[in-house]
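I keep these notes as I go through the structure. Each entry says what I looked up and what I found.

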Amino acid sequence: MTDVSWPGISPASIVESEFRNLLGAVDFVHEAADALRLTSEHIRLYCDLAEISTTTPSHVIGRHHTKRMVTKVKIREGVLAPAELRYLYENKLMEITHIANLASCSPETVRRLLQRDGVPLRPRPGRLPQRPDITREWLHHEYIERERDMANLARERRVTHYHLTKLARGWGLPIRRPGAQYNAIGHLVLPWTPSPAIRAVTLCRAALDRLRVIVQIPGYTSFAAAARDIYDGRGSALRQRLAYIERTPGFQVIDRSSMPLAPTPRGSDFLREATEIIKLADQAPTLAT
């Protein structure tokens, strides 16, 4: 067929080595197609023509942009933006592999971007010398039993997240997946064992914020009145947050029918314990987040 026009750049004008590099640098075929002003299907045809195998799975070739794909691309662009990338690497002291996981790209891509932006790279982590304050027993107690966050434990002991995770794996401790829930009050030394209700509610990063809100509600004449003082006037949002908190332990903490608002019998114990936890949290050293 000689009368068919090829869209965009001609196959004869494509430099094969540069084309291979382009395919290796993208996650979706449409990204390569946009760069060459071609369609995804023509990218596949050129691969067949030049007998080039692409690292992009064949099942995504020619697919339309899904909402999930667009969201993933936006996340990657945000994480790899120069200012954010520098902040994560220099201020948050995140490892390159961790940043790469957040951006869904390869560690080498993150490394090249840091070098391009003139960010000095830290030496690659070697073997962590033995520390008397970092033992398997300590890590098992803090990470497994108290369900604390690995990143906070690493900052507390002034080591990298990578080193502590590597030690945990070497000691056979199960590693929670990234983004999994952890005990937000695990760093507090409580003179009592938290109740099941408190334990359930504090298994999230925003646990202390939730407790600070809910303990202030009793005494107000209505949710609207409470919201004006403690929730920027958003009465419906305060109701929704309270309902979400109460779903976790499985009982009502605030009696909606009382005037003024008051805790239920089970809610009284919950709020009393929450208040003590907030006091201890305010007295405890602040952990970097």
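Which residue just after α13 takes a positive phi? I found Asp232, with a phi of about 55 degrees. I note here that the model is a predicted one.

Entry on α13. I looked up helix α13, which spans residues 223-230. Its buried residues are Phe223, Ala225, Ala226, Ala227 and Ile230. I then asked what covers the buried residues of α13. The cover includes α12 (207-214), α14 (235-247) and β1 (254-255).

Entry on Asp232. Is Asp232 buried or exposed? Its relative accessible area is 70%, and the cut-off for exposed is over 50%, so I put Asp232 down as exposed. The side chain of Asp232 meets that of Arg234 in a salt bridge, with 3.9 Å from N to O. Arg234 is partly exposed, at a relative accessible area of 42%.

Entry on α12 and α14. The angle is about 115 degrees, and the axes are 11 Å apart. I recorded the crossing of α12 past α14 as left-handed. On the α12 side the contact is made by Asp209, Arg210, Val213 and Ile214. On the α14 side I listed Leu238, Arg241, Leu242, Tyr244 and Ile245. By type, the residues of this contact are six nonpolar, no polar and three charged.

Entry on α10. I turned to helix α10, residues 161-170. Which residues of α10 are buried? I found His163, Leu164, Thr165 and Ala168. As a reminder to myself, an α-helix has 3.6 residues a turn, so residues three or four places apart point the same way. The buried residues of α10 pack against α8 (136-145) and α9 (150-156). After α10 comes Gly172, and its phi is positive, near 75 degrees.

Entry on salt bridges. How many salt bridges does the count come to? I have 13. Side chains of opposite charge can pair when their charged atoms come close. Besides the bridge of Arg234 with Asp232, I looked up two others. Asp133 and Arg131 meet at 2.9 Å, N to O. Asp133 is partly exposed at 29% relative accessibility, and Arg131 is partly exposed at 28%. Arg157 and Glu156 meet at 3.4 Å, N to O. Arg157 is buried, with a relative accessible area of 18%, whereas Glu156 is partly exposed at 32%.

Entry on aromatic rings. I searched for aromatic pairs and found one. The ring centres of Phe251 and Phe270 are 6.3 Å apart and the planes stand at 85 degrees, so I call the pair edge-to-face. Where do the two residues of the pair sit? Phe251 is in the loop between α14 and β1, and Phe270 is in helix α15 (residues 265-283). The two are 19 residues apart, and the pair links distant parts of the chain. I also checked their accessibility. Phe251 is buried at 12% relative accessible area, and Phe270 is buried at 2%.

Technical notes:
Residues numbered from 1 in each chain as written. Predicted model: local features only at pLDDT ≥ 70, side-chain atom pairs only at ≥ 80, totals over all residues. Heavy atoms only, no water. Buried < 20%, exposed > 50% of the residue type's maximum accessible area, 1.4 Å probe, protein only. Helix = DSSP H or I, 4+ residues; strand = E, 2+ residues; numbered from the N terminus. Contact = heavy atoms within 4.5 Å. Salt bridge = Lys/Arg side-chain N within 4 Å of Asp/Glu carboxyl O. Axes fitted to C-alpha atoms, helices over the stretch in contact; angles between N-to-C directions. Left-handed = near helix turned anticlockwise from the far one by under 90°. Nonpolar A, V, L, I, M, F, W, Y, C, P; charged D, E, K, R; others polar. Phe/Tyr/Trp six-rings, centres within 6.5 Å; stacked < 30°, edge-to-face > 60°.
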